[in-house]
Amino acid sequence: MRKRDYKRFIHITPDGKRTVVSFILLVLFLVVMYIVQPEIMKFSRIATITNGQLCLLLAGIGQTFVLLAGGIDLSIGGVICLSNSVAALYMPDSIPGMILMSILIVALGTGIGFFNGYIITRFNVQPFVVTFTVNYVLLGISLLILPIDGGNPPSRYVSALLHNFGQVSVSMIIVVLIVICWILIRRTRFVRNVYVVGCNEKAGFLNGIRVSQVKMLTFAISGGLAALAGLWRTAQLASGSPDAGDAMTMPSITISVIGGTSMAGGMGGAIGTIAGAYILRLIQDLLTFMGAKSFWSTVFQGVFLVVTVGVCSVIDMRKGGKKNG
Amino acid sequence: MADFEMRQISKKFGNVHALEKANFSANKGDIMGLLGENGAGKSTLVKVLCGVEKEDEGEVLLFGKKMLRRTPKEAMAEGVRVVHQELSLVSNATVSENLFMTEEEKPYRRKTIKELNKKAEALFKKFGVEDIDCTQYVRELPLAKCQKVEILKALAFEFDILVLDEATSALTEKDVEWLFELIRKLSKEGKIIIFISHRLQEINSICEQITIFRNGTSVCEAKKDELDTDQMVTLMLGRKIAGYYPEKAHSRKEEVLLHVENLRNGELTGVSFELHAGEILGIGGLSGQGQSELFEVLYGAKGAEGKIEIKGKECRLRSTASALKRGIALIPEDRGKQGLVLPMSVKENITLASLGKIRKGIFLSALKESQSVKKMIEKLQIKTDTPEVQVVTLSGGNQQKVVLAKQLLAEPDILLMYDITRGVDVGTKREMFNLMQEHCQEGKAILFFSTDTEELVHMCDSIYVMFEGRFKAHLQGDSMTEENIIRVSVGEAAV
Amino acid sequence: MDKTLFWKKNSTIISRYLIVVILFILISVLRPGFASGTHIRVLLAEAAIIGCAAIGQTLVIITGGIDMSVPWIFNAAAMAAFTFSNIYSGAGLIVALIGIILAGFLLGLLNGVGVTCLGIPSIVMTLGMNTILQGVVTGLTSGSIVGYAPEILNFLATGTVGGISVALLFWLMLIAVTMLLLRKTSYGRALYALGNNRVVANFSGIRVKKTEAIAYGISGMSAAMAGLMLLGRTGSAYLGMGNEFQFESIAAVALGGVSMSGGSGSYLGTVAGALTIAVLLSILTALNLSQAMQQVLYGIVLFVAVLAATLQNARNKSSKL
């Protein structure tokens, strides 16, 4: 390929070079995993993995939106817990009821996101302060609703979401839908504005972009997706937990970053985040395969986050250094 | 009544009147020149016009209709397009994406890259632009082309008023010609053009009407022919300045303070020179030819290969701290971003670069600190009530003096001055020039970069002109003229 | 110094102390017994631990960063001291305790190196460090350890000298040291400068990376010290004992009027913040609410307070412009 064509190609892949790199990584880990455990490539296994990772994946895509616009959302865990607790306790056992309840919960999550975004943009507070505090309150509210792990979502709800159409699971369909949605919205004005705001907020403002509105929407999307993630989690576990979802916040950042989204904003995209979710799972499986004890998984989570962000940041610095120097 | 009028605009920032009952008016097809010193209120006027700042009092009328301009978006919808002094491009997007960033359309409407590129190419064709590839990322473009993209972005949509705020500062001479052609064409189409530049020459060659601002208000509106350059300068300053530059002291000695050999990195392609004691060595050339890179390398803020000898001793400058220790200090170009911690006090700023010198044991000595600060305030005649006030409350010129004071307190032998006179009033400029000479008479040396060629010619013992990362010519004695500096900076040979 | 200038500069801090006093008086009137000597002593000891954990947090927030790794450095230190008490005694134990505090410094420094040299956002670096330590501590202790709290720590946390609790005296000493460090040394000056504007600090010959990394080191150190103090008070170490301090250390700093964007604020403000939190916590406990309700109310109160502090900071800044 000539250089120009290559550039065009990179630009056509919606989110640029970084997404391509994350997919190369994904393939690499798949190959390694295939060597040690050939059944990884079985369709049913992929369905199981997708079922397991969908909650994180949804949360991660929400986080990606916020990161793209230059923010950070630490309230994702709290929203998942709240959504999980409410759904586990109050999900009615009728189809219209389920749909209505799900819509209500997603609306609640979106509302919380809007609130975050409003406070952040209106009063010009650091995103992490607001979302961190809101997270704390949300965890408290979940604990009020559901003091201990439990709840009993209707079995029809659980089986509907965990249903398999032949070999294809509902979660896989959802992932495909997400990819299609992202490709459809990537070139819309709103998403372009998200990138602009993340890359150069001031330029965006001077060019007539409503920066606060764009930021607020990213937080709302993040809240809504986190609520969805909580709904999925309810089905996946067939119960509720007032605090377990809190552990989702950090990996949601991890998979966004390994998927190529820059912590500084303006670079990356949701497709990469999907790859990131699978990469994270593959590495964890690899660790389990090697016989690591469970606490190593916790250690690994931290190391992985720091190392990915560190490597990306060093690469960016090198690039920036070369350009300026 | 004129077609476009800004009436009695006032704007206060804290206690400072940025604009005080300022008036501005123009008719269709006018090319208005807006003149004034920095801090005279030009930029604030533009910001008010384009909705970035809201005026405290006053109103803006276009064709007799009141304009609201609550946000930049609204201002654009009302027909105002501004090419800002600072670029407002998104570096991680392509040229065509940037060009149509401001486009008004439904948020959910998709636009493919192909569509955008096609539109961009049509736009380029319309305005005769051939040297920009619209699929390139903005971060890969040199500054001059970025500025061109910024201008084109403003032209991409319908407008009634076009404001060019220092839009020519990074353009090449050829591009300036292109821009002027364009402006004339637009004015024939009945657009109102407001042209702001610190280059009087440009104003003279393009504008028909001139409005001069001073201290936040308009002091003169006239046809260009009614004013000559001297009158304009006088109106801008509000007083006559005689003997703008001090007489040359010729204090250059034989002792070599700084010897640089074959300095190279990404931007520099082999720079060698010697700086003597008592010398003011000028660095000329258009900005962006590697000057800031050179200064930052010499100050240890960036790395480069090559040899640097200070007073005959070879050394590696790994950090700004090590450069300061060896007696090199930099007065950076942007005082707000690189020179001063704006919310901190004058005192704290002045001692920031020499904290080691005001220490007593492990603690800072309040006595030593206030003594040093007092000395510097007196020496530089910084106008401030007490040294405890925040430096942000001072005027531009005084702020620049605080930067100078800070670096001078570190007692450097070699002072690197990067365009220190930008945005400084003439009175302060003169004080600074005197100070530079004093500094050199003490046997110290100055490396002086300025975008103002007149300054270079009047202040320097000799001048190197930089072009594409290296020294293109060394101008001495009679060849040290403004004409020669410009000739070399655009790639010609000196005469 | 000019008197009006003095008031202007310190109005934020003074208002913070007023809040503490008003809150305290209000509660003492409503609930007699709240203002008793023993209760005040308990309150101050509680505040001392929060205040100690928030020393480093103040420094880090002044640089414009945040330290999320307080809870598990805190926890690791307490666990380590708890275990060491089985092995060492006397002087050996004291050396071991000093070793623990130094280890806290080194862990914090590691955070600092990640943030400054690798350019990792502080929130991610410290969050990662927190998780790593959580895993390591859980793994090493397998959840249960035996030991006892060293007597010297008991004395430090609960002892009294002439009717004044040792914890308070220790805290007063730390306050003095921190204030001197921030106000009277070139390190403190450099810290404020770089929190406001890194480029200017660098162009003024300040070693930005070193200064910043040390702030994280001090944060690790102060978290470890706070962990030791809590160990002394509760008498045993357990997993998750530091969890509350992630929120509380940040809240104390924010309540103290330190700007979350860095560059301004003072440890004296944080002290007021720590006192406010201690009073608030004991009010919530006194109200006999469920754990969950307490968390919600606590969170909301702090949310409002943090918001108010940010707004006040913003107003102060714009009025000075």
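The structure is a predicted model, in which local features need pLDDT of at least 70 and side-chain atom pairs count only at pLDDT 80 or more, while totals for chains, interfaces and linings use all residues. Residues are numbered from 1 along each chain as its sequence is written, and chains are lettered from A and ligands numbered from 1 in the order in which they are written.

The contact between chains C and A involves 37 residues of chain C and 36 residues of chain A, two residues being in contact if their C-beta atoms, placed from the backbone, lie within 7 Å. On the side of chain C that touches chain A, the elements giving two or more residues are α5 (122-141), α11 (243-255) and α13 (291-320) of chain C; helices (H or I, at least four residues) and strands (E, at least two) are DSSP runs, numbered from the N terminus. The most is given by α13(C), with 14 residues. This side of chain C comprises 24 nonpolar, 13 polar and no charged residues, where Ala, Val, Leu, Ile, Met, Phe, Trp, Tyr, Cys and Pro count as nonpolar, Asp, Glu, Lys and Arg as charged, and the others, Gly among them, as polar.

The contact between chains C and B takes 25 residues from chain C and 31 residues from chain B. Here the elements of chain C that give two or more residues are α8 (186-196), α9 (198-203) and α13. Six residues, the largest share of this side of chain C, come from α8(C). By class, the side of chain C that touches chain B has nine nonpolar, ten polar and six charged residues.

Chain B contains 17 helices and 22 strands. Its radius of gyration is 24 Å, close to the 23 Å that the globule rule gives for 495 residues, so chain B is as compact as a globular protein of that length; the radius is taken over C-alpha atoms, and the rule is 2.2 Å times the number of residues to the power 0.38. Along the principal axes, the C-alpha atoms of chain B fill a box of roughly 65 × 50 × 45 Å. Of the 495 residues in chain B, 46% are buried (a residue is buried if 20 or more other C-beta atoms lie within 10 Å of its own, exposed if 12 or fewer, and partly exposed in between, with C-beta atoms placed from the backbone). Among contacts in chain B with a separation of 6 or more, 67% are between residues 24 or more positions apart.

An open sheet of six strands in chain B has the order β6-β7-β8-β3-β9-β10, with mixed pairing; two strands pair if DSSP finds at least two bridges between them. Its edge strands, β6 (80-83) and β10 (217-223) of chain B, each pair on one side only. From one strand to the next, the twist averages 20°. Strand β9 (residues 209-214) of chain B runs antiparallel to β10(B) and is joined to it by six bridges, and B:T211 has B:E221 of β10(B) as its bridge partner. Helix α1 (residues 42-49) of chain B packs on this sheet, touching β3 (31-36), β6, β7 (161-165), β8 (192-196) and β9 of chain B, and its direction makes about 145° with that of β7(B). Helix α6 (residues 173-188) of chain B also packs on the sheet, where it touches β3, β7 and β8 of chain B; its direction makes about 150° with that of β8(B). Axes are lines fitted to C-alpha atoms, for helices over the stretch in contact, and angles run from 0 to 180 degrees between N-to-C directions.

A further open sheet in chain B has four strands in the order β12-β11-β14-β15, with antiparallel pairing. Strands β12 (269-276) and β15 (313-314) of chain B stand at the edges, each with a single partner strand, so one side of each is left without a neighbour in the sheet. Two bridges join β14 (residues 305-310) of chain B to β15(B), and B:I310 has B:K313 as its bridge partner.

In chain A, helices α5 (residues 95-123) and α6 (residues 127-145) pack at an angle of about 145°, with their axes 9 Å apart. The contact is formed by A:I112, A:N116, A:I119 and A:I120 of α5(A) together with A:P127, A:V130, A:T131 and A:V134 of α6(A). Six of these residues are nonpolar, two polar and none charged.

In chain C, C:L153 lies in helix α6 (residues 151-158) and is buried, with 24 other C-beta atoms within 10 Å.
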